[in-house]
Amino acid sequence: MAQMEIPVEIEALVAEKRRELIETVSEVDDKLADAFLADESISTSDLEEAIRRATVAKKFVPVFMGSAFKNKGVQPLLDGVLSYLPCPLEVSNYALDQTKDEEKVVLSGTPDGPLVALAFKLEEGRFGQLTYLRIYEGVIRKGDFIVNVNTGKKIKVPRLVRMHSNEMEDIQEAHAGQIVAVFGVDCASGDTFTDGSVKYTMTSMNVPEPVMSLAIQPVSKDSGGQFSKALNRFQKEDPTFRVGLDPESAQTIISGMGELHLDIYVERIRREYKVDASVGKPRVNFRETITQRAEFDYLHKKQSGGQGQYGRVCGYIEPIPQGSMTKFEFDNMIVGQVIPSNFIPAIEKGFKEAANSGSLIGHPVENLRIALTDGAAHAVDSSELAFKLAAIYAFRQCYTAAKPVILEPVMLVELKVPTEFQGTVAGDINKRKGVIVGNDQDGDDSIITAHVPLNNMFGYSTALRSMTQGKGEFTMEYKEHSPVSQDVQMQLVNTYKASKTAE
């Protein structure tokens, strides 16, 4: 980066812009304001210190212009990071203590405490997975044993490096506040490492369930290896990205937090792994649940020469109250040995399997409690398979009587649109069956907060751009699953039945 005297022709403009910067910073920093109002000369170091104080206090945001692609303005940006951003000791970092129900713990940020480090980025390098670690507390040394709190695995640090762009410098140890990289550590993005003396995580262990799915497959059969490699890597990088197999169609299904989230991964497969993939229609992850208690009493009996099958299960299913941490509960309330205890796990497994696919639209059933109160067994014909099948058929028998409903993912949508388009955008949200819960003003813009069903948000970014002449923007995050209206339920059930008939 070259430094030179300011050309004469722009000296006046530079002086005017410097004064403008001093005025702006004076509004949020009292010390600089006093010097400015007293008409004292303000040195470069005075101005830098004021910018730093205001930035650390979150009252001022320095903005740098540049282009990473052309390598323009990168050095001033890095100097700005050093000059204006807080050092690790000036920031309060909190960990979540997993032994105390994720209670917040303040980290000292010094090398004296127990090791707490966060894996925040993964990279496929020439020597395997390279894991970037930010050390929040303690010291990490080459050859040390560290514990991945998220998986409970104990691993040795084989190689520790400090990164300089794409170059590596081998180091023996690193302290709190530093960012380093390690090789040969199998982990996912967001995992926390400690020395084993504490059980802290830097991020919550509760990962939200995916809300949208896509069927995906490579166009060329020869690229299957690279395709699998890409999906495995992305799952490690991002805990909200899931990969599964549809048992009926044998298609690979990717699931995530929205349309854009999945689009980015499809694009990355093409760009980073040179694999063209064909993508199916997006599918919303609906759920089913029951609204009332229903009794079951089912006898599974089959005689076909030799040992038969015999198993009887009695009890009831009921909804778990909203807000409960568990989605499925199984209670064995049988007194005595009418069903031998070694068959109970098979009954639970049968009910779990049945709850994986509700009879309305074939989606998993949630917030369900099953109580087993009675039953009967046969000395010869009873088996684990017989009781598992009895549980599956018992669930299907009583499911309709429990008045099932379909739950759909509802998103918390925040929009920022020019006030002139507020009416049009609000009307469109109502059309999409959204509920507007907040409407604030920010200068010439309106900030609208709404709860909108994800099923009605496909293609919304294009619709918003056309409604607001390209000036509107929105963010969307998962809020909850809530029951659909009766007409939507009928429509979804009919579509599901039609697709089943077609098969």
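In the predicted model, Leu-415 has a relative accessibility of 1% and therefore counts as buried, the cut-off being under 20%. Leu-415 is part of strand S24. Beyond the residues up to four places away in sequence, Leu-415 touches Val-425, Ile-429, Ser-446, Ile-447, Ile-448, Tyr-460, Leu-464, Glu-473 and Phe-474. The C-alpha atom of Leu-415 is separated by 47 Å from that of Asp-170, which lies 245 residues away along the chain.

Two of these contacts, Tyr-460 and Leu-464, belong to helix H10 (residues 460-467), where they are buried together with Met-467. Just after the helix, Gln-469 adopts a positive phi of about 55 degrees.

The largest nonpolar core comprises 40 residues, and those touching the most other members are Ile-254, Ile-269, Ile-406, Leu-415, Val-425, Ile-429 and Tyr-460. Two or more residues of this core come from each of strand S14 (212-218), helix H5 (224-237), helix H6 (259-273), S24, H9, strand S26 (445-453), H10 and helix H11 (486-502). Another core, of 27 residues, lies apart from it and includes Ile-317, Phe-330, Phe-351 and Ala-402.

For Ile-406, with neighbours within four places in sequence left aside, the contacts are Phe-286, Arg-287, Glu-288, Leu-360, Ile-361, Ser-482, Pro-483, Val-484, Gln-489, Leu-492 and Val-493.

Terms used: Residues numbered from 1 in each chain as written. Predicted model: local features only at pLDDT ≥ 70, side-chain atom pairs only at ≥ 80, totals over all residues. Heavy atoms only, no water. Buried < 20%, exposed > 50% of the residue type's maximum accessible area, 1.4 Å probe, protein only. Helix = DSSP H or I, 4+ residues; strand = E, 2+ residues; numbered from the N terminus. Contact = heavy atoms within 4.5 Å. Core = buried A, V, L, I, M, F, W, Y, C linked by side-chain atoms within 4.5 Å.
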